[in-house]
Amino acid sequence: MNECESRILTAAELRPVAQDLVRQGNRFQMAYAVWEGHTVEARYLVALGSRRPFLLLKVRGEGVLPSLAREVPLLGWYEREMMDLAGLHFEEHPEPWPLIVHEGMSVRPPPLGPEGEGKGQLAGESGPPTLPEVRADQVQDLIWGPIRGDVLESGEHHYSYIGEGILHYQMRLFYKHRGLERRFQGLLPTQGVHLAERISGVGSVCHALAYCQAVEAALGLEVPPRAAMLRVILAELERLYNHFHYFGHLCKTTTLKVGEAFGTLLEERVKEVNARLTGSRFLRNCLTVGGLRRDLAGEDIGDIIRTIADEGIAYLERLNRTASHQDRLIGTGILPRQTAFDQGATGPVARASGLDRDMRRDHPYAAYELLHFTVPLYEQGDAQARTQVRMQSLRAALDLIAQAAASLKSGSICADIPARVDRGEGLGWTEGPRGSLYYAVHIRDGRLVRVKIKSPSFSNWRVFPFTVHGSNMMDFAINEASFGLTVAGCDR
Amino acid sequence: MPNWVWLGMKAGRAATDWPHHGPDGQEGNLGMPAFDSGHCPPGCAACVASCPTGAITADGSITIDYGRCIVCQRCLETCPEGALTPSDHWAFAVRERQDLVLAQSAAADEERALSSRIASSLKGSLHIRHVDAGSCNGCESELQALSNPFYNLHRLGIFFTPSPRFADLLLVTGPVTPAMRAPLIRTWEAMPEPRMVMAAGTCAVSGAPMDQGYAAGHGLEGILPVDVWLPGCPPNPAAFIHALLLLLERVPQKVHGGRYEP
Ligand code: SF4
Ligand code: SF4
């Protein structure tokens, strides 16, 4: 795999190696299984630090593995996913119950399991989820979802509470599981972009870009400089409308009505710019393997967003001067640094808890290497810190768009695609508005045989409950808004 | 500390009056590809292979099912003769699923007489219960945009409501994933009659492109009785407004037999 040092281990070696890696401060990024015929390979991707290759641990041919979820808690969900979908078993898992395939539902044979075992459908009806028993006097349980108020994505909140105080909180996700990783199988590597754009609609660019980069790595393609720079513009426009949306929604939860109106109107203005630039408010239908499908008039975009930039920055400054709004954020939903590290926080959530990671800087892609930007870092770990990180990253996005537009040079916009590549694999990554995103693609006989997707919300949904246990109902909506999560990308 | 009330008043009115007058906010936004069979050379079916969702089929002549179209613009990039062209045809809401299918062979469709289905009490005001049945969140993003100051849906007397008990319309996005099927049906059953249903977004219309694999969904067909079908990936906020007003018989349908008439 590109940018990876591989290390082949036996199942027995896995635990001590993982313990050593974590002790040295390295962080697991994702884990997945890939089958060839009836042989499985479990893979663990580890980041060794800024501007260093990743470490890829591989365990071949063993269907039963030791669970690492005690030493590396963030791996807990990946292991459960492999148990649900890939037919692997992890011994002594601390949370051995289903994750993706709900209690009451089943799919046989495992859809990402051994090849050539026929095809089954996900069937049944979601039964009650496995929940810890919370024993205390007068505890009440509240189940809210999967259909909630307003226009929200489907997902189910479970609270055990006394009065205002929440003793325990759990989110049940994956109501929206569409089996999209397997949906890529059998496609030509150039044919998956429209699917990647639809894993998470408000992350169309960061998903499709990570996918394209993974395939480009597998095919050994070099993206022309103009396309690489235009990709930065697309990615930062996506960040911009997402962040304005975030502030609009946050103001809604702190009942700052006019602030909500300004935020959502700014989001709308950016979406309008997107449509004029690309024909799509979500910046879809531009990216392709090797570059872009067509040239974009990116040169003017710096001027076009100038009014939005001025209004946007004034808006953010006003929010910072609004005591009633800030009061609701300060000290709300604190995520300690160690919990953020252990449970796998990413993006603005991680950077608000003292974890200094940004894929654009640490593993540069597209044309980020040529541009200047700073990565904000806060230590407090509360809702206010999360919003401050978003604010600064919004300002950086405005600046990056202007820089990229100014440095565009004419040239080709797509590499030549080889007629066929028989076998290959590639890793692609981006820093989306919500954090790090990985695509791993495997190609055999010229077709995709496995695509693994790690979305930022898969990481941050796991982290979120740790800020809710022991908090209170009044803060819940504000805390949730400060995380800025989506469901679609997590559920896939 | 800023005086938000004063700031809001100073900013003035941001709302459009569309569709009566004023901008629709969709400059540059591309809609469904327009098709003119007159340009097709005999035997050509280049577009068929290019379409990732199987929306285009060739059986002697070309048929396009816009209910499967995700507006990806691939077909028109592939077409060698310009039979398929970019368009601003996004107001694609129809009452009959069949109206989304453009068949070259079909005789020109006469205007279908509409059986008036809408209770007159609903025409002035409508309450919507939205259900995400497995969307990518693109459709939700545009539904949320309906409440921003520019589209300001309330000006049309249309509101989202948290409870299905108060809802007139069930607005469904997403292909209907296996796990969302039962909660979706329960929501519909909880609604008082007369109750209406809108399939919003290509996913909810046909499932495309989420209609294959072990967790596929095929949209609302065969699950709930649908009153308005709105393809688009996602439909933009103005297309949603058009679809809602079509449901209320306050604007005419623009698409008949797959043909868009502005
Ligand atoms: S624009 Fe629609 S019809 Fe054309 S290729 Fe894309 S999905 Fe198919
Ligand atoms: S129709 Fe398109 S935008 Fe809407 S949910 Fe489906 S894939 Fe997403």
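The model is predicted, so local features need pLDDT of at least 70 and side-chain atom pairs count only at pLDDT 80 or more, while totals for chains, interfaces and linings use all residues. Residues are numbered from 1 along each chain as its sequence is written, chains are lettered from A and ligands numbered from 1 in the order in which they are written, and side-chain values use heavy atoms, with hydrogens and water left out.

The salt bridge is formed by Arg68(B) and Asp211(B), whose closest N and O atoms are 2.6 Å apart. Domain 1 of chain B covers residues 34–91 and domain 2 covers 120–257, with bounds that come from an automatic or database domain assignment. Taken over C-alpha atoms, the centres of these two domains of chain B are separated by 26 Å. Nine residues of domain 1 of chain B are in contact with 15 residues of domain 2 of chain B, where contact means heavy atoms within 4.5 Å. Together the two domains of chain B bury about 920 Å², 63% of it on carbon and sulfur atoms; buried area is the accessible area (1.4 Å probe) that two parts lose on being put together, summed over both. Of the area that domain 1 of chain B buries against domain 2 of chain B, Arg68(B), Trp90(B) and Ala91(B) supply 53%, more than any other three residues.

Thr173(B) belongs to strand β8 of chain B, residues 169–173, strands (E, at least two residues) and helices (H or I, at least four) being DSSP runs numbered from the N terminus. Thr173(B) counts as buried because its relative accessibility is 0%; buried means under 20% relative accessible area, exposed over 50%, and partly exposed in between (1.4 Å probe, protein chains only). The side chains of Thr173(B) and Glu140(B) are joined by a polar contact of 2.6 Å, that is, a pair of N or O atoms within 3.5 Å, of which, within protein, one must be able to donate a hydrogen and the other to accept it, while residues adjacent in sequence count only if both atoms are side-chain atoms.

Glu140(B) is one of the buried residues of helix α4 of chain B, a helix spanning residues 138–145 in which seven of the eight residues are buried. The cover over the buried residues of α4(B) includes β8 of chain B and also α7 (257–278) of chain A.

That leads to the other chain. In all, 63 residues of chain B are in contact with 68 residues of chain A, and the two chains bury about 5,200 Å² between them, 59% of it on carbon and sulfur atoms. Trp4(B), Cys136(B) and Tyr214(B) supply 18% of the area that chain B buries against chain A, more than any other three residues. There are five salt bridges between chain B and chain A, and Lys176(A) forms a salt bridge with Asp132(B), with the closest N and O atoms 2.6 Å apart. The count of residue pairs in polar contact between these chains is 25, both residues being at pLDDT 80 or more.

Notes. A salt bridge is a side-chain nitrogen of Lys or Arg within 4 Å of a carboxyl oxygen of Asp or Glu.
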